[in-house]
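Notebook open, model loaded. I'm jotting down what I looked up, in the order I looked.

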Amino acid sequence: MLASLGLFVFQTLGTAFDSIERRSSYRYATGNTVGIRPRMQYLGQDNDSITLPGILYPEITDNHLTLDILRDMAATGELYALMDGTGYYFGMCYITEISETRTYLNADGTPRKVEFSVALKLQDDLQRDNIATLTT
């Protein structure tokens with residue numbers, strides 16, 4: 001298992017991604033001042049963005065319809081836990097975008113190669129923090 005997103009499992013012989021790209025950003029408010037550069041005030045961490053790009057070869061691996069399962073999950077608007085195969089917990093994520101490019105089409109239009117990307121946004125897991133506070 002490469003990773004799991006909720007109950008959806010990414011695996012090397014199925015829907016496999018090539019890398020995990022994580023981008024952390026931080027929020028600042030800017031106030032205009034006269035004669036000097038605008039002042040910035042730190043507001044806190046923004047939602048991390050995580051991207052899972054990959055390639056499917058439907059003749060060898062899972063059918064490319066597994067991306068439709070991810071689309072159905074995204075359409076619920078629910079949070080899903082993201083964990084890699086080593087047990088590292090990234091956090092709770094929203095699925096914000098799924099892109100797909102089908103190439104090397106057979107005569108009937110079925111692809112021999114499907115490149116995909118799943119974009120996630122990390123959300124603070126407030127319930128997890130509350131449970132940890134109660135038990136310590």
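I started with tyrosine 104, which counts as exposed at 56% relative accessibility. My cut-offs here: buried is under 20% relative accessible area, exposed is over 50%, and partly exposed is in between (1.4 Å probe, protein chains only). Tyrosine 104 lies in strand β8, and its phi is positive, about 50 degrees, although it is not a glycine.

Before going on, a note on what I'm looking at: this is a predicted model, where local features need pLDDT of at least 70, side-chain atom pairs count only at pLDDT 80 or more, and totals for chains, interfaces and linings use all residues. Residues are numbered from 1 along each chain as its sequence is written, and side-chain values use heavy atoms, with hydrogens and water left out.

**Overall layout.** I found two helices and nine strands in the protein chain. These are DSSP runs numbered from the N terminus (helices H or I, at least four residues; strands E, at least two). Along the sequence the pattern reads β-β-β-β-β-β-α-β-β-β-α. Of the 136 residues in the protein chain, 32% are buried.

**The sheet.** I traced an open sheet of seven strands, ordered β2-β1-β7-β8-β9-β6-β3, with antiparallel pairing. Its edge strands are β2 (8–10) and β3 (21–23), each pairing on one side only. From one strand to the next, the twist averages 25 degrees. Two strands pair if DSSP finds at least two bridges between them. I checked β6 (residues 49–56) against β9 (residues 111–123) and got eight bridges, in the antiparallel sense. Threonine 51 has alanine 119 in β9 as its bridge partner.

**Helix α1.** Next I looked at what α1 (residues 66–76) lies across: β1 (3–5), β2, β6, β7 (80–84), β8 (89–105) and β9, and it runs at about 140 degrees to β8. For that angle, axes are lines fitted to C-alpha atoms (for helices, over the stretch in contact), and angles run from 0 to 180 degrees between N-to-C directions. Which residues of α1 are buried? I got Thr66, Leu67, Leu70 and Met73. Turned away from the buried side are the exposed residues Asp72 and Ala75. After α1 comes glycine 77, with a positive phi near 75 degrees.

**Salt bridges.** My search of the whole structure turned up five, taking a side-chain nitrogen of Lys or Arg within 4 Å of a carboxyl oxygen of Asp or Glu. One of them joins arginine 22 and aspartate 48 (2.9 Å, N to O). Arginine 22 sits in strand β3 and aspartate 48 in the loop between β5 (39–45) and β6, 26 residues apart. How accessible is aspartate 48, buried or exposed? Aspartate 48 is buried, at 3% relative accessibility, while arginine 22 is partly exposed at 39%.

Arginine 71 also bridges to glutamate 100, with the closest N and O atoms 2.8 Å apart. Arginine 71 is in helix α1 and glutamate 100 in strand β8, so this pair ties together parts 29 residues apart in sequence. Glutamate 100 meets arginine 102 as well (2.6 Å, N to O). Through shared partners, salt bridges join Asp68, Arg71, Glu100 and Arg102 into one network.

Conventions: Contact means heavy atoms within 4.5 Å.
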